[in-house]
Amino acid sequence: MKQQYLAGNMTINNTLRRGVLKLHTAVTGRQILSCLNELNRTQWLSKTELMDLQRAKLKKLLNYAYKFVPYYQRIFDQAGFHPDDINHDPTAFHKLPILTKSLIRENFSELQTTEPKLRKQLSEVTTSGSSGQPLLFLQDNAYRDNVTADIQRHLGWAGWKMGQLHAYLWGSNFEETTEHYLRTHLIDWEWNRFLTNAYTLTEEKMAAFAEKVKRQNPRILFGYASNLLWFAQHVRKQPDLKITFDGIISSAEVLPDEFRQVIEETFKCKVLNRYGTKELGGIACECEVQNGLHVSAENNLVEILKDGKTAQPGETGSIIVTNLNNLGMPFIRYSIGDEAAWDDEKECICGRSSPRLKSVEGRIVEKFVTRDGRASWAGFAGDGYSSLFTQPSIKQFQIIQESMDNITIRLVKDGEIPSSLLQRIEKTFQKAFGENISVEFEFPDHISVLPSGKHQYAISNINHSGNPDQQSH
């Protein structure tokens with residue numbers, strides 16, 4: 001009887017949530033559910049059908065950019081390119097120059113649509129700055145809806161069903177307005193999910209998260225690889241917890257094989273590796289077969305270039321992405337700064353025909369710790385406070401934790417940095433790490449890259465025993 005009651009009550013709650021979600025989308029004009037339904041349909045298209053869909057969306061994007069976006073009007077003409085060229089020669093697309101973060105900053109206004117109706121939808125977003133250079137960009141409703149829908153689709157690959165409770169070990173801003181707080185909690189309720197802030201984790205908070213998971217029994221877990229490993233290690237020390245999931249998704253960090261093995265053995269389920277960025281959304285994700293990462297070809301056109309030419313399967317090269325949804329500020333042939341390799345051209349046995357990435361190599365991100373025992377994924381320095389470094393006077397940044405009591409912030413100037421901004425940065429880090437920490441500033445002419453060519457924007461000189469030292473984006 002109790003099980004029947006609980007099952008009935010869950011059905012009522014899920015129906016109510018879906019009803020509220022539909023009402024929310026109707027009031028706001030968002031199309032998340034219809035985008036999710038479409039993505040769930042198109043993932044089963046044949047390779048020919050999927051590529052035809054991608055080409056149609058690319059043509060729409062190129063035509064729109066040429067008509068409404070000043071930067072592309074100029075660049076297309078300079079390259080001797082017209083959107084109609086791809087009708088008879090798809091390789092003509094490669095005439096277009098690579099879009100970089102520096103070009104976006106230099107041409108920010110010209111990259112925005114001039115169409116008045118769409119401009120009203122645009123909202124500002126800042127990337128985490130994992131290159132040491134946070135990027136400000138604009139996104140429209142179609143982009144946001146498809147990004148959200150693609151996350152839900154990937155959750156489905158891990159075993160999630162609409163209305164099912166799921167949990168996140170994920171980053172959240174340290175400061176947020178009341179409006180943002182209420183909106184976030186409404187959306188969490190609609191999707192039936194809860195989050196523990198990965199930026200401020202302590203052993204106590206991890207224990208509280210474990211107890212909540214045991215009590216509420218979410219079937220899917222989504223998080224950073226390092227925090228998922230930490231959670232697995234915590235659970236292994238507490239045999240009475242007996243926590244399992246139907247599936248887990250690891251995102252935003254490279255997932256080492258040894259991490260995956262420990263997490264899967266602990267929670268008795270598969271861990272799917274997912275790759276995405278803030279400015280492009282989900283780019284690729286493993287399916288249940290775990291044989292390469294399926295590119296979200298409906299949303300992003302992905303190229304891998306080696307010395308300026310298309311890389312062969314298995315050959316590592318630079319990831320170049322064209323987002324097919326964000327007409328408000330199009331990113332056409334955008335260089336992320338990461339590298340990857342294509343898997344072989346055989347279709348996955350799961351039945352999905354989308355191309356697959358064999359591997360993704362990201363930027364190095366370390367873990368910060370505090371005097372009171374908190375351990376934080378260092379991505380918080382960009383994600384949680386990216387607006388601090390998205391300033392005209394700052395070209396690049398690097399944060400070094402010298403000790404639990406000392407932080408060094410290196411800033412490459414573009415003109416003079418206002419003292420008020422430096423004071424704001426200092427107070428912000430003291431709030432995050434403790435009021436008594438020392439924050440010192442250095443102003444080098446440039447910040448060197450690693451031998452691999454990658455930029456390490458967050459460095460910890462503290463020895464972290466028992467937890468992973470280095471992670472990648």
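Does His154 count as buried or exposed, and at what relative accessibility? Here are some notes on this predicted model, starting with that residue.

1. **His154.** This histidine counts as buried, because its relative accessibility is 0% and the cut-off for buried is under 20%. His154 sits in helix α8, which spans residues 141-157. Leaving aside residues up to four places away in sequence, His154 touches Ile249, Arg274, Cys285 and Ser296.

2. **Strand β5, side by side.** Which way do the residues of β5 point? Ile220 and Phe222 point one way from this strand, residues 220-223, while Leu221 and Gly223 point the other way. In a regular strand, side chains alternate between the two faces of the sheet. All four of these β5 residues are buried, so if you colour the model by accessibility, each has a relative accessible area under 20%.

3. **The neighbours of β5.** On pairing, β5 has two partners to look at. Strand β3, residues 166-170, pairs with β5 in the parallel sense over four bridges, and Ala167 has Leu221 as its bridge partner in β5.

4. **The crossover.** How does the chain get from β5 to β6? The path runs through helix α11, residues 225-236, and this β-α-β crossover is right-handed.

5. **A nonpolar patch.** On the surface, Leu16, Leu186 and Trp189 form a nonpolar patch, and together they have about 270 Å² of accessible area. Trp189 belongs to helix α9, residues 178-191. With a relative accessible area of 33%, Trp189 is partly exposed, because that class lies between the 20% and 50% cut-offs. His154, by contrast, counts as buried.

6. **The chain overall.** Finally, some totals for your own bookkeeping. The protein chain has 15 helices and 21 strands. Of its 473 residues, 54% count as buried. Its accessible surface comes to about 21,500 Å², and carbon and sulfur atoms account for 51% of that. Among contacts between residues at least 6 apart in sequence, 68% join residues at least 24 apart.

Key. Residues numbered from 1 in each chain as written. Predicted model: local features only at pLDDT ≥ 70, side-chain atom pairs only at ≥ 80, totals over all residues. Heavy atoms only, no water. Buried < 20%, exposed > 50% of the residue type's maximum accessible area, 1.4 Å probe, protein only. Helix = DSSP H or I, 4+ residues; strand = E, 2+ residues; numbered from the N terminus. Pairing = 2+ DSSP bridges. Right-handed = clockwise from strand over helix to strand, strands pointing away. Patch = residues over 30% accessible without salt bridge, like charges linked within 9 Å, V, L, I, M, F, W, Y side chains within 5 Å. Areas by Shrake-Rupley, 256 points an atom, 1.4 Å probe, with all protein chains shown as cover. Salt bridge = Lys/Arg side-chain N within 4 Å of Asp/Glu carboxyl O. Contact = heavy atoms within 4.5 Å.
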